[in-house]
Amino acid sequence: RSLGFKSKALDRALCVVNLLEQVQDSIEILTCSGSMGEDCFKHSGIRHRVVYCPEDRSHTQPSDTCSAVAALLEVGVDIILFVGGDGTARDICSVVGNKQPVLGIPAGVKMHSGVFAVTPKAAGQLVIDMIKGGLVSITENEVRDIDEEAFRSGVVKSKHYGEMLTPEEGRFLQHV
């Protein structure tokens, strides 16, 4: 951020929200406050309810991701949609394991895991297909991340961190 990086997470999430407006009468979104989700739905017609609020809304931590996922699991959801990269996928996997369908909306610096849609638009379309009863299966896909220390030395080493259940339809999911 100090070098001028601007996150595209909100724009990518809004792409999915705009698509989900097609099925807004069929869904209720359970989300987290502020930039962890609520901001995406403020100006949409989609019913949404906040189930988790981080202590510091301006700067969330991986522990907030884990707490948010735990709150969603406690309430009960059909699928967890998240925006981020492999680090976020690792955090979610540490709480969910392979007990709950999830789908990543790609917005991180790196995405080596098989739990991400290929684009935000593909993520939205995949969720719409699920809602409409399309031919979508649920499969286990790997959560992977690179060794940052090795990467700084010019070596790319990917490590397996677990598996999560993801909706799958051949055109929309990234391969490991």
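Me: How many disulfides does the structure hold?
Reply: This is a predicted model, in which local features need pLDDT of at least 70 and side-chain atom pairs count only at pLDDT 80 or more, while totals for chains, interfaces and linings use all residues. Residues are numbered from 1 along each chain as its sequence is written, and side-chain values use heavy atoms, with hydrogens and water left out. With a disulfide taken as a pair of cysteine sulfur atoms within 2.5 Å, the number of disulfides held by the structure is 0.

Me: Which cysteine sulfur is nearest to that of Cys-40, and how far away is it?
Reply: Cys-40 takes part in no disulfide. Cys-40 is also buried, with a relative accessible area of 10%, where buried means under 20%, exposed over 50% and partly exposed in between, using a 1.4 Å probe and protein chains only. The nearest cysteine sulfur belongs to Cys-32, at 11 Å.

Me: Is Gly-37 buried or exposed?
Reply: Gly-37 lies in the loop between β1 (29-32) and α2 (38-41), helices (H or I, at least four residues) and strands (E, at least two) being DSSP runs numbered from the N terminus. Leaving aside residues up to four places away in sequence, Gly-37 touches Thr-31 and Cys-32, contact meaning heavy atoms within 4.5 Å. Its relative accessibility is 9%, so Gly-37 counts as buried.

Me: How is α3 oriented relative to α4?
Reply: Helix α3 (residues 62-75) and helix α4 (residues 86-96) pack with their axes 9 Å apart, at an angle of about 45°. Axes here are lines fitted to C-alpha atoms, for helices over the stretch in contact, with angles running from 0 to 180 degrees between N-to-C directions. Angles under 35 degrees count as roughly parallel, over 145 as roughly antiparallel, 65 to 115 as roughly perpendicular and the rest as oblique. The angle therefore makes α3, relative to α4, oblique.

Me: Which residues of α4 are buried?
Reply: Among the elements that cover the buried residues of α4 are α3, β3 (80-84) and β4 (102-106). The buried residues of α4 are Asp-86, Ala-89, Asp-91, Ile-92, Cys-93 and Val-96.
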